Amino acid sequence: MAFLGAFMRSTFGLPKPDRQGIDRVKDLARTALQVSSETAFAVNEIACNDPGCPGIETVILVMEPGKKTRALKVPKPLDEVMEQDILAALEP
């Protein structure tokens with residue numbers, strides 16, 4: 001999925017997200033969600049071609065021990081994600 005995201009970023013004329021950007025979003029998610037240090041995150045940037053999609057969105061998978069994995073979708077490129085975007089993604 002990361003490969004596809006990287007491909008789609010270049011399709012939109014954006015550079016590939018760097019490791020620091022991914023780690024920054026993971027840290028923001030850990031702070032926003034107030035989860036334990038055992039919680040793992042996966043952050044990917046994907047492109048959606050459906051008319052109702054924002055184009056590029058950031059998907060954050062939250063994997064807490066003993067709980068079902070949650071997917072938070074932020075309708076922005078990874079570099080623009082802020083803590084309030086992650087909190088907003090929690091709302092139904």
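Which residues have the most contacts inside the largest nonpolar core? They are L33, F41, I60 and I86, in a core of 16 residues. A nonpolar core here is a set of buried Ala, Val, Leu, Ile, Met, Phe, Trp, Tyr and Cys residues joined through side-chain atoms within 4.5 Å. Buried means under 20% relative accessible area, exposed means over 50%, and partly exposed lies in between (1.4 Å probe, protein chains only).

The model is predicted: local features need pLDDT of at least 70, side-chain atom pairs count only at pLDDT 80 or more, and totals for chains, interfaces and linings use all residues. Residues are numbered from 1 along each chain as its sequence is written, and side-chain values use heavy atoms, with hydrogens and water left out.

**Overall layout**

The protein chain has 3 helices and 3 strands, and along the sequence they follow the pattern α-α-β-β-β-α. Helices (H or I, at least four residues) and strands (E, at least two) are DSSP runs, numbered from the N terminus. Of the 92 residues in the protein chain, 37% are buried. The protein chain exposes about 5,800 Å², of which carbon and sulfur atoms supply 56%; accessible areas come from the Shrake-Rupley method with a 1.4 Å probe, and for residues only the protein chains shown count as cover. Among contacts with a separation of 6 or more, 39% join residues 24 or more positions apart, where contact means heavy atoms within 4.5 Å.

**The sheet**

The 3 strands form an open sheet in the order β1-β2-β3, with antiparallel pairing. β1 (40-47) and β3 (70-74) each have a single partner strand and stand at the edges, so one side of each is left without a neighbour in the sheet. Neighbouring strands of this sheet are turned by 20 degrees against each other on average, direction ignored. Two strands count as paired if DSSP finds at least two bridges between them. In general, strands of a sheet pair through backbone hydrogen bonds, either parallel or antiparallel.

β1 pairs with β2 (residues 56-63) over 8 bridges, and 5 bridges join β2 to β3. β2 and β3 form a hairpin with 6 residues between them, and G66 in the turn has a positive phi of about 80 degrees. β2 is mostly covered, with 6 of its 8 residues buried. The table gives some of the residues that face each other across the sheet.

| Residue | Opposite residue and its strand |
|---|---|
| F41 | V62 in β2 |
| T58 | V74 in β3 |
| I60 | L72 in β3 |

A40 lies in strand β1. Its C-alpha is 5.1 Å from that of M63, although A40 and M63 are 23 residues apart in sequence. Not counting residues up to four places away in sequence, A40 touches L61, V62 and M63. A40 is partly exposed, with a relative accessible area of 35%.

**Helices and core**

Helix α2 (residues 19-33) lies across β1, β2 and β3 and runs at about 120 degrees to β1. Helix α3 (residues 83-90) lies across β2 and β3 and runs at about 125 degrees to β3. For these angles, axes are lines fitted to C-alpha atoms, for helices over the stretch in contact, and angles run from 0 to 180 degrees between N-to-C directions.

Returning to the core of 16 residues, the elements that give two or more residues to this core are α2, β1, β2 and β3. α2 gives the most, with 6 residues. L33, one of the residues with the most contacts inside the core, is in contact with F41, V62, R70, L72, I86 and L90, leaving aside neighbours within four places in sequence.

What is the phi of Q34, and where is this residue placed? Phi of Q34 is near 50 degrees, a positive value in a residue other than glycine, and Q34 is in the loop between α2 and β1. Q34 is exposed, with a relative accessible area of 73%.
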